[in-house]
Amino acid sequence: MSGNPRKRHDGTGTHRAGGASSSGPVPRHARTVIVGGGLAGVELATALADHGAEDVLLLEAGPGEDLAHIHMTHSRTHATELVFAPERDPHFHRSWRSEAPPHYTGISGLRRRLGGRSLYWHGVVLPLEDWALHPSDWPAEVVTALTAGTAGEPSWYDRVTADLTAWSGGRLWDAAQPGCAVFGGQEFLPLPRACRRLPGTDRWEAYTALDAWRGPDGRPAPPPGVSVRCDTEVLAVDVRAGRARGVLVRAADGTTATVAADTVVLCAATVESTRLAAHALATAGALRTPRLGGLADHLVQGFTVRLPAGPLPVPGSYHVPSDPALRSYLRMDVHPDGPGRALLDVRITGEQLPNQESVVECRPSGGASWRAHVRTALLPEDRKVIGAQRDLLRDFWTTAARELGVPAAPLVFTDFGDTDRDNTRVLPDRTRSQPEGRPETWTSLLGTEDHEGGSLPLGRLLEADHAFSALPGLHAAGPAVFPRLGAANPSLTTIALSRRLAGLLAGA
Ligand SMILES: Cc1cc2nc3c(=O)[nH]c(=O)nc-3n(C[C@H](O)[C@H](O)[C@H](O)COP(=O)(O)OP(=O)(O)OC[C@H]3O[C@@H](n4cnc5c(N)ncnc54)[C@H](O)[C@@H]3O)c2cc1C
């Protein structure tokens with residue numbers, strides 16, 4: 001591999017023709033196998049190609065025929081329904097069984113297709129907060145690489161933010177949205193989103209490294225050095241003599257095969273990567289029970305209210321950076337809602353701390369693939385965050401209502417975990433029927449924010465270079481490797497860490 005990264009094709013550089021294959025039988029050997037072609041996996045493969053890597057094979061369980069973001073293909077209403085009514089999404093797939101229902105049920109699951117959830121996400125790119133990137137939690141060298149840079153290079157956060165800004169057309173928020181807004185007693189900043197619009201329509205897409213893989217015939221055209229096989233599910237890591245030797249797959253035609261590899265990188269999203277890791281570590285004798293803790297999601301709740309548009313801030317997405325005492329940040333979206341009206345959508349996103357009662361556990365079976373079971377629990381500190389978030393939302397709404405001159409109908413929250421008041425409340429056919437001025441509250445069930453992570457932590461289970469300490473040949477990427485989540489949405493950090501890992505694997 002060469003140590004000289006080639007120019008990224010992120011909208012600012014030249015588009016390389018796809019050079020490697022996306023069809024044919026699954027190769028029996030690859031130098032590097034990436035398991036899962038979602039946000040982390042495609043980013044990693046693309047960055048490895050930028051480093052001149054050869055013989056990278058990306059294996060994706062879902063199909064690769066449609067590489068478009070859901071908000072590019074569907075209207076806002078339909079795309080929102082695909083997310084919140086997943087029975088309407090043919091790609092929705094939950095591979096685990098929840099033992100803490102209703103958490104990790106409902107809309108909690110994979111979007112099994114090449115691109116994964118990078119074809120669903122909203123492009124919100126916030127760096128993890130200093131209080132979350134604490135050296136007692138994260139390896140110091142990872143924190144330095146993310147925030148300060150090393151060897152004269154800018155930090156990964158700065159590099160990725162610059163690329164995503166260029167990809168988005170020069171700015172990370174809508175041109176129509178003024179910078180800041182003071183409202184409800186809060187000073188809001190624009191919410192940075194790596195998105196671009198299809199001019200003259202309501203269609204938009206969020207950044208995905210897959211953008212550069214879209215071949216002229218619509219089929220995946222991976223960069224030179226990378227091959228991809230879709231409809232190919234990795235059942236288990238092939239562990240022999242204390243080392244990961246490759247993976248066992250079920251190919252599109254239903255046959256199983258082993259793919260030998262020098263390096264395997266798990267990018268199959270948090271629960272599935274953790275299932276594969278727990279099975280592999282138990283097989284290697286490095287884990288007595290195939291169970292790994294630390295699984296966390298964000299604690300998110302909010303309210304929607306239909307209001308006259310006049311006195312509200314200009315439509316757009318805003319945020320108030322996180323308060324370390326609250327471990328949460330406040331977000332406000334103002335959506336047009338018919339002539340002279342707007343929908344105010346307010347949410348607060350906070351950190352669930354990792355704990356050893358929140359686990360992914362496999363049940364050993366005679367088969368090649370061990371089923372994952374998920375349990376989750378809140379710590380007393382998490383419950384305090386939930387209470388403090390509710391206080392802040394109430395204060396905000398009382399102040400906002402006063403500023404708007406409307407009666408402040410009380411914000412009523414029910415118990416955490418109430419399925420009648422979960423985040424499917426924001427579905428358009430529900431908000432449409434809300435009486436004007438009456439706020440409806442909701443609280444996300446754990447596992448339904450799509451921000452799950454933390455069960456393969458860097459600096460503990462993994463070395464700072466993403467290698468499993470107890471199993472040579474195996475690495476992981478994605479939010480699973482965050483030692484703690486902070487309050488920020490994960491993907492800026494996921495992209496940064498995938499690019500950093502590519503450099504490490506390439507020896508750059
Ligand atoms: C509607 C929505 C909005 C979001 N908005 C934001 C946002 O604004 N900002 C933000 O930071 N984050 C956002 N997210 C979260 C973000 O998309 C995820 O954190 C991110 O996609 C996780 O990346 P990943 O690569 O770990 O998993 P995924 O993107 O889910 O990719 C995992 C891939 O692995 C494949 N796979 C799984 N198991 C196997 C197997 N056994 N064999 C082979 N392949 C397998 C899956 O099919 C999938 O393609 C959003 C998510 C959703 C759904």
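## Strand β15 and its partners

In this predicted model, G302 stands opposite W442 in strand β21. The strand that carries this pairing is β15, which is joined to β21 by four bridges. The two run antiparallel. Strand β21 spans residues 440–443.

Strand β15 has another partner, β18, which covers residues 341–351. Eleven bridges link β15 and β18, again in the antiparallel sense. Within β18, D345 faces T304.

## How enclosed is β15?

Strand β15 runs from residue 298 to residue 308. Is β15 mostly buried or exposed? Ten of its eleven residues are buried, so the rest of the structure largely encloses the strand. Buried here means under 20% relative accessible area.

## An open sheet of four strands

Another part of the model holds an open sheet. Its four strands follow the order β4-β20-β19-β14, with mixed pairing. Strands β4 (96–98) and β14 (291–293) form the edges, and each pairs on one side only. On average, neighbouring strands in this sheet are turned by 20 degrees against each other, direction ignored.

Definitions and conventions
Residues are numbered from 1 along each chain as its sequence is written. This is a predicted model: local features need pLDDT of at least 70, side-chain atom pairs count only at pLDDT 80 or more; totals for chains, interfaces and linings use all residues. Side-chain values use heavy atoms; hydrogens and water are left out. Buried means under 20% relative accessible area, exposed over 50%, partly exposed in between (1.4 Å probe, protein chains only). Two strands pair if DSSP finds at least two bridges between them. Axes are lines fitted to C-alpha atoms, for helices over the stretch in contact, and angles run from 0 to 180 degrees between N-to-C directions.
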